[in-house]
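Subject: Structure handover, with notes on the ligand site

Dear colleague,

Here is the structure that I am passing on to you, followed by an account of what was found in it. Please read the notes with the model open beside them.

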Amino acid sequence: MRIDVITIFPGYLAPLREALLGRAISAGLVDLAVHDLRTWTRDVHQAVDDAPYGGGPGMVMRPQVWGEALDAVLALDERPARIVVPTPAGRPFTQATAQAWSGDERLLFTCGRYEGIDQRVVDDARRRDLTVDEVSIGDYVLVGGEVAVLVMVEAVVRLLPGVLGNPASAEQDSFSDGLLEGPAFTRPEVWRGLAVPDVLRSGNHAKIARWRRDRALERTAERRPDLLAALPEDALDDADRAF
Ligand SMILES: Nc1cc(-c2ccc3ccn(Cc4ccc(CN5CCCCC5)cc4)c3c2)n[nH]1
C-alpha cells in the first residue's frame, strides 16, 4: 500500500516511522510519503489560508494551493488513490472503515488546518471521478487533520497482512464481533491482593470462552449499549441472551 500525506506540518507525521508502522515501512509493506503543502505556494509569504467568505471565525485554506498539491501528488503514482479528508463534519471513521481501506492500493490524506479547506477542493476532485472520503475520528474538534491521520493510518496499516506479529489479534479486535473486548490478565496470579479469575487458569477452554463472552457482553451493555442495539439479529445465541 502506498500512503501519501499532504500537510503544512510534516514533522507531525514523524511517529508513523516509529515502531510497528516503521517496521511495516522498512519491510516494504507500506510506502509512506509526506509532502509539505507549502511546496505548492507561489508567493513569497507561502500563504495557504485566507479569510472566509460570508464572515465567521478564523481562516480557511485556499483552493489553489491544495488543487496543485493534489494534482502533483496524485501524479506521483499511477495507482488510483482514495483521497481522505479528515474533518469534524465527516462520516464516522470506524473499524469497518479501516477494514475497507486496508484493501486499497493507495491512500492520500489531506491535512487541513485553520477552520478547514475550501470545499471546492473536494468538489473538484469528486468531479474528476476521484474517490474522496470526508471522515471524522470522533465528536470533538482537533486543531488540524494530522492527528486524525496518525489514528487512521495506524488503524488501517495494522490490518495489512504481515504487519501484526499475531494476526489473530486483529481478528479478535474489539468491534470485530460487534462487542467490546473483556478484561485481560497475565502473571502474577495475585498482584496487590488481586487474583486472576479462576476460570482463566482452569484450562477448560469452553468455560473460558463462555466467561470471556459474558464479560464482553457485560462491558458492552454497560459502556456501549448502542453497539448492543446495533448487533444483527443472529449475532447473539441463546447462551448470550441468557446472560
Ligand atoms: N474528528 C475530528 C477531525 C477534526 C479536524 C480535522 C481536520 C481539520 C482541519 C482544521 N481543523 C480545525 C477545525 C475545523 C473545523 C472547525 C469548526 N468550524 C466552525 C465554524 C465554521 C467553520 C468550521 C474548527 C476547527 C480540523 C479538525 N477534528 N475532529
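In what follows, contact means that heavy atoms lie within 4.5 Å. Please keep in mind that this is a predicted model, in which local features need pLDDT of at least 70 and side-chain atom pairs count only at pLDDT 80 or more, whereas totals for chains, interfaces and linings use all residues. Residues are numbered from 1 along each chain as its sequence is written, and side-chain values use heavy atoms, with hydrogens and water left out.

I begin with S136, which sits in strand β7 (residues 131-136); helices (H or I, at least four residues) and strands (E, at least two) are DSSP runs, numbered from the N terminus. Not counting residues up to four places away in sequence, S136 touches T87, P88, G90, R91, P92 and F93. S136 counts as buried because its relative accessibility is 4%, where buried means under 20% relative accessible area, exposed over 50%, and partly exposed in between (1.4 Å probe, protein chains only). The side chain of S136 also reaches the backbone oxygen of G138, at 3.0 Å, which is a polar contact (a pair of N or O atoms within 3.5 Å; within protein, one must be able to donate a hydrogen and the other to accept it, and residues adjacent in sequence count only if both atoms are side-chain atoms).

An N or O atom in the side chain of S136 is 3.1 Å from a nitrogen atom of the ligand; for I137, a backbone N or O atom lies 3.1 Å from a ligand nitrogen, and for G138, a polar backbone atom is 3.1 Å from a nitrogen atom of the ligand. On its own the ligand has 620 Å² of accessible area, of which the protein covers 74% (areas come from the Shrake-Rupley method with a 1.4 Å probe; for residues, only the protein chains shown count as cover).

Which residues come nearest to the ligand? Of the 17 residues around the ligand, they are E115, I137, G138, Y140 and L142, a residue being near a molecule or strand if one of its heavy atoms lies within 4 Å of it. Strand β5 (residues 82-92) gives the largest share of this shell, three residues. By type, the shell divides into eight nonpolar, seven polar and two charged residues (Ala, Val, Leu, Ile, Met, Phe, Trp, Tyr, Cys and Pro count as nonpolar, Asp, Glu, Lys and Arg as charged, and the others, Gly among them, as polar).

Two other residues may be of use to you. L160, in the loop between α5 (146-157) and α6 (167-171), counts as buried because its relative accessibility is 8%, and, leaving aside neighbours within four places in sequence, L160 is in contact with M1, L29, V30 and S102. The C-alpha atoms of L160 and A24 are separated by 9.1 Å, although these residues are 136 apart along the chain.

Best regards
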